[in-house]
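The sequence and the structure come first.

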Amino acid sequence: MPANPPSFEVVRVPKPAPVQWRARTVRLADMDGDDDLDLIGMLTHVDGELPGDRPSVFLLLNEGDPFVADGWRLLPVKWGPGRTMELPAFGEKWDQADVTDVDGDGDLDIVANCEEWWVTDQGEVASFFTPELETSSVGVVWFENRLQEALPVVEEEDSRIDLEAERPSVVHDST
């Protein structure tokens, strides 16, 4: 036994109402570049359902003293699909997450996989343990960190709004 064993302090960070749901993956990283750790959380379905009013991927940005429970701001990254998958008891379940600078732009991004939300040519019908699944059907997602970047350009002209945005998902999962 070491002469000076380490000691730990428990700091309970309350989950804001929208993320009070079953969580699967949690990571700590400095997502906003302010030299303190933020919380990255991912929710998982309950019996195949993850409501659309719950952020399935979210950040709790530490904007106060990191050792107290207040001062954490919720920032949704991806909303839940809001519907049940066709297979009973399966749905959006984030299984793994890595926080790294994927594109080399100096900020941390999130790369994660959604284990049970598998898509085939016929639709979202195959579970993760289906032997004939191709590796191309694995739900791996890259969430690009845009926290330190300028806001997207929005222009309104002749009753039309032009918004600079990322390409929408083609996975057919309501994202």
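## An aromatic residue and its partner

F143 has a relative accessibility of 12% and therefore counts as buried; buried means under 20% relative accessible area, exposed over 50% and partly exposed in between, with a 1.4 Å probe and protein chains only. The model is predicted, so local features need pLDDT of at least 70 and side-chain atom pairs count only at pLDDT 80 or more, while totals for chains, interfaces and linings use all residues. Residues are numbered from 1 along each chain as its sequence is written, and side-chain values use heavy atoms, with hydrogens and water left out.

A search of the whole structure finds one aromatic pair. The rings of W94 and F143 have centres 5.8 Å apart and planes at 55°, so this pair is tilted. For such pairs, rings of Phe, Tyr and Trp (its six-membered ring) must have their centres within 6.5 Å; planes under 30 degrees apart count as stacked, over 60 as edge-to-face and the rest as tilted. The pair links distant parts of the chain, with W94 in strand β5 and F143 in strand β7 (residues 139-143), 49 residues apart.

W94 is buried as well, at a relative accessible area of 1%. Leaving aside neighbours within four places in sequence, the contacts of W94 include R24, T25, M42, V57, K78, A112, C114, V141 and F143. Contact here means heavy atoms within 4.5 Å.

## Overall fold

The protein chain has zero helices and nine strands, and its pattern along the sequence is β-β-β-β-β-β-β-β-β. Helices (H or I, at least four residues) and strands (E, at least two) are DSSP runs, numbered from the N terminus. Of the 175 residues in the protein chain, 33% are buried. Among contacts in the protein chain with a separation of 6 or more, 55% are between residues 24 or more positions apart.

## Strand pairing

Four strands form an open sheet in the order β1-β2-β3-β4, with antiparallel pairing. Its edge strands, β1 (23-29) and β4 (72-79), each pair on one side only. Neighbouring strands of this sheet are turned by 20° against each other on average, direction ignored; the axes are lines fitted to C-alpha atoms, for helices over the stretch in contact, and angles run from 0 to 180 degrees between N-to-C directions. Two strands pair if DSSP finds at least two bridges between them.

Within the sheet, four bridges join β2 (residues 38-43) to β3 (residues 55-62), and these strands run antiparallel. I40 stands opposite L59 in β3. Elsewhere, β5 and β6 run antiparallel and are joined by six bridges, with Q96 opposite N113 in β6.

## Nonpolar cores

The largest nonpolar core has 13 residues, and those with the most contacts inside it are M31, I40, M42, L59, W94, I110 and A112. Such a core is a set of buried Ala, Val, Leu, Ile, Met, Phe, Trp, Tyr and Cys residues joined through side-chain atoms within 4.5 Å. The elements that give two or more residues to this core are β2, β3, β5 (94-100) and β6 (109-114). A second, separate core of seven residues includes L39, L50, L60 and W72. In soluble globular proteins, nonpolar side chains tend to be buried together.

β6 is mostly covered, since five of its six residues are buried.

## Single residues

L60 lies in strand β3. Not counting residues up to four places away in sequence, L60 touches V13, P16, D38, L39, W72, R73 and L74.

| Pair | Separation in sequence | C-alpha to C-alpha distance |
|---|---|---|
| N113 and E92 | 21 residues | 9.9 Å |

L60 is buried, with a relative accessible area of 5%. N113 is placed in strand β6 and is buried at a relative accessible area of 17%.

D35 lies in the loop between β1 and β2. Its relative accessibility is 74%, so D35 counts as exposed. Phi of D35 is near 70°, a positive value in a residue other than glycine. Most residues other than glycine have a negative phi.
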